[in-house]
Amino acid sequence: MKIPLTINGTKKILTSEPDEKLLNVLRKEKLYSVKCGCEEGICGNCTVLLDGKPVPSCILSIGLLRDSKIITLEYLKTLPEYQDIMTGFSQAKINLCSYCNAGKIFIAYQIIKGKKRPSLEQINYAIKDLNSCCTDTTALTNGILHAWAIKTNREGKKQNVTK
């Protein structure tokens with residue numbers, strides 16, 4: 001089956017069985033930041049952005065993703081928000097272990113793209129399902145808040161606080 005997709009900003013037509021998992025398709029495309037972990041959508045290892053939202057690629061069948069836009073860490077690393085996240089994580093003393101990095105980074109990315117400062121409740125809700133093997137939720141929350149402040153500062157905007 002031929003499936004048109006946009007992967008990391010490049011339009012492609014991939015040939016695949018419709019039930020093949022997105023994780024396997026991306027690895028065949030030599031996108032190795034997408035790692036195989038639990039294969040149940042829990043660990044965060046295989047997280048990608050699908051049409052702007054973080055999703056586990058291990059549970060998505062490629063046949064359902066026709067005309068979707070997929071972003072992997074390879075592409076995200078080229079954006080200034082990635083550096084904002086890494087600096088924010090560093091300030092929160094988060095040492096990523098490489099196991100579940102994609103989940104943490106893509107959720108942080110989705111949060112810091114917002115125009116208003118995220119509340120603790122919003123962050124805690126967004127990260128509640130992450131298997132956070134290398135850091136605790138308080139540090140991750142702080143890292144995301146630091147990243148948001150860094151991004152806002154870089155963009156020269158006032159930091160709005162949500163209630």
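Author: Two strands are taken to pair if DSSP finds at least two bridges between them. With that in hand, and bearing in mind that this is a predicted model, one can begin with strand 1 (residues 2–7), which pairs with strand 2 in the antiparallel sense over six bridges; within this pairing, P4 stands opposite I13 in strand 2. These strands belong to an open sheet of five strands, whose order is 2-1-5-3-4 and whose pairing is mixed. Strand 2 (10–15) and strand 4 (53–56) stand at the edges and have a single partner strand each, so one side of each is left without a neighbour in the sheet. From one strand to the next, the twist averages 40°.

Helix 4 packs on this sheet, where it touches strand 3 (47–50), strand 4 and strand 5 (69–71), and its direction makes about 30° with that of strand 3. Helix 4 (residues 101–112) also packs with helix 3 (residues 80–91), at an angle of about 110° and with the two axes 10 Å apart. Because angles of 65 to 115 degrees count as roughly perpendicular, helix 3 and helix 4 are therefore described in that way, and their crossing is right-handed. On the side of helix 3, the residues in contact are E81, Y82, D84, I85, M86 and F89, which meet K104, I105, A108, Y109 and I112 in helix 4. The residues of this contact divide into eight nonpolar, no polar and three charged.

Note on methods. Residues are numbered from 1 along each chain as its sequence is written. This is a predicted model: local features need pLDDT of at least 70, side-chain atom pairs count only at pLDDT 80 or more; totals for chains, interfaces and linings use all residues. Side-chain values use heavy atoms; hydrogens and water are left out. Axes are lines fitted to C-alpha atoms, for helices over the stretch in contact, and angles run from 0 to 180 degrees between N-to-C directions. Helices (H or I, at least four residues) and strands (E, at least two) are DSSP runs, numbered from the N terminus. Angles under 35 degrees count as roughly parallel, over 145 as roughly antiparallel, 65 to 115 as roughly perpendicular and the rest as oblique. A crossing is left-handed if the near helix is turned anticlockwise from the far one by less than a right angle, and right-handed if clockwise. Contact means heavy atoms within 4.5 Å. Ala, Val, Leu, Ile, Met, Phe, Trp, Tyr, Cys and Pro count as nonpolar, Asp, Glu, Lys and Arg as charged, and the others, Gly among them, as polar.
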